[in-house]
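Dear colleague,

I am passing on the structure below, together with some notes on what came out of going through it. Please read the notes with the model open beside them.

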Amino acid sequence: MSVPASSEEVRLAPLGDSGDEDESPPFDALELEIRRLPGVVAVGWHRGEAMRACLSVGGFGLSALRSRAVQLARGHLDEPLSVELSDVEGVFAASSVASVRIIDILVAGGEVEVRLGAGHLIGTGRAGTGPEGAALATIRALDDLGIGASIELRIASAVVLPSDLGLAVVVSVVDRHDGSEHRSIAYASSVEESAAKAVIEAYELIGEQSRDQAQSAIR
Amino acid sequence: MEGLIDGVLPDAAELPGLVADLRTARSGISFVYDVIEKLAERYELSDAVMVLDHPELGRQAFRSARRPIGEASAMHLNVLECPEGVHGVPGGVDPVSASVAVELCRIALDLDLYRHDSRHDGLTGLYNRRFFDVMFRRCASQSARYGWSFSVVIFDIDSFKQLNDRFGHMLGDRVLQVVGAEMHHALRSSDVAGRVGGDEFAILLMRADRENVPAFMSRIRAAVEANMEMSVGFSFGIAEAPVESTDPAELYRLADARLMAAKGTKR
């Protein structure tokens, strides 16, 4: 038999009964949006004098996260929400990197602009065209996302593929945290998109390796 | 959906009722907590945490009764370091059931994210045009039936194209994001806000006086100017239901015409 929530805790699901049938219950929609913020790995709720959201997060700009969560709450709740953060940076945080997606790549006037998304965040970076410029713009967009990406470009180079497939792009990036080098190759409809994909893959590879190392340390 | 679940999860019969619950759940988040409650009851757990890895959300932990995970001191193990699964006090959940439950919850969250993204503008987080129109029609219908009043406000950013051309899309996007953020900040949860065009926004203000709208627009302008350290102007038009109409197309036309007239006076 499960233990009922204490008086200070709140069973939120019934509140959704007042919601629109085409909409998620308000607390559910809010919780989903909060869980989508980079670094958030758990969300809990308390109803005391004011509604309180307790977030477990992994070291991704805590003050920015707090204000973003409060901002999101205003779209769903009329009552004030306080946000309590507990930093779980380390093992668990290493596995909480939200996937980065390409929103748009614009090439114009000798410049490439890469727009990336991760959860609710959007980051933009610009640099010159070609594989190196696009890779650099992607790294700047990752920085702009504010998700703790910390990589530097070492090499970005186009590779001619067999038959008439065109060009793939190989990148090598360095993890600023430990100086380790990571390589990736990607092929897409343009050299710029290939470079962006390769950088993102290399970045996510760093995240996966961090997770593996963290899990080994636990064992 | 039914075929997908049955195909992907042949072992779903391990947890009878859960697949049916997923089909009728009001949200994926609610479903996750319901699953935890059911498992806690079935396995006589006093506390339970589900840990799952989601391709977009990353690792996520959900605790029974929506309790904060940081207070999981009653758990005998550090759930933050646990593998994917359902972890409980005093015991646990058998691996097959836990695996099926986690897989169902992952699908439930996928559905939530899909539904959210199909209704929201990725840049500002406001409703997109399609879903704003759905909400608009609903408000107009309720206004016609019950006499409820609401105002529709349409506004855009003056000379936004020139701003984009001069300073680049990156800065233009930032302006749109700040406008979206300030709308989240300034509106009540009962109001409906959408980005309905490139730099065009629309709001449904429930039971609001139109006299409040200029102050609202000033607040947004001040927020943009404070955040971007640049001057921007807005033009807006308002229409009111039910006094002017309860037909959404007519209300939109009226508000849009007034927006155009307001822009005309600035030229």
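To begin with the sheet in chain B: how many bridges join β5(B) to strand β6 of chain B, and do the two run parallel or antiparallel? There are four bridges between β5(B) and β6(B), the latter spanning residues 200–206, and the two strands run antiparallel. Within this pairing, Gly194(B) is found opposite Ala202(B) of β6(B). Please keep in mind throughout that this is a predicted model.

The two strands belong to an open sheet of four strands in chain B, ordered β5-β6-β4-β7 and paired in antiparallel fashion. At its edges are β5 (192–195) and β7 (234–241) of chain B, each of which pairs on one side only. On average, and with direction ignored, neighbouring strands of this sheet are turned by 15° against each other.

Two helices of chain B lie across strands of the sheet. Helix α5, residues 129–146 of chain B, lies across β4 (150–157), β5, β6 and β7 of that chain, and runs at about 30° to β6(B). Helix α9, residues 248–266 of chain B, lies across β4, β6 and β7 of chain B, with an angle of about 150° to β7(B).

Between the chains, helix α1 of chain A (residues 26–35) packs with helix α3 of chain B (residues 28–42), the axes being 8 Å apart and the angle about 95°. Since angles of 65 to 115 degrees count as roughly perpendicular, α1(A) and α3(B) are therefore described as roughly perpendicular to each other. On the side of α1(A) the contact is formed by Asp28(A), Glu31(A), Leu32(A) and Arg35(A), and on the side of α3(B) by Ile29(B), Ser30(B) and Tyr33(B).

As for chain A as a whole, it contains five helices and nine strands, which follow one another along the sequence as α-β-β-α-β-α-β-β-β-α-β-β-β-α. Of the 219 residues in chain A, 50% are buried. Among the contacts in chain A with a separation of 6 or more, 45% are between residues 24 or more positions apart.

A word on confidence in chain B: its mean pLDDT is 83, with 87% of its residues at 70 or more. Over residues 1–14 of chain B, however, the pLDDT is below 50, and this stretch has 17 contacts in the model beyond near neighbours in sequence.

With kind regards

Methods
Residues numbered from 1 in each chain as written. Chains lettered and ligands numbered in written order. Predicted model: local features only at pLDDT ≥ 70, side-chain atom pairs only at ≥ 80, totals over all residues. Heavy atoms only, no water. pLDDT = per-residue confidence, 0-100. Contact = heavy atoms within 4.5 Å. Axes fitted to C-alpha atoms, helices over the stretch in contact; angles between N-to-C directions. Parallel < 35°, antiparallel > 145°, perpendicular 65-115°, else oblique. Pairing = 2+ DSSP bridges. Buried < 20%, exposed > 50% of the residue type's maximum accessible area, 1.4 Å probe, protein only.
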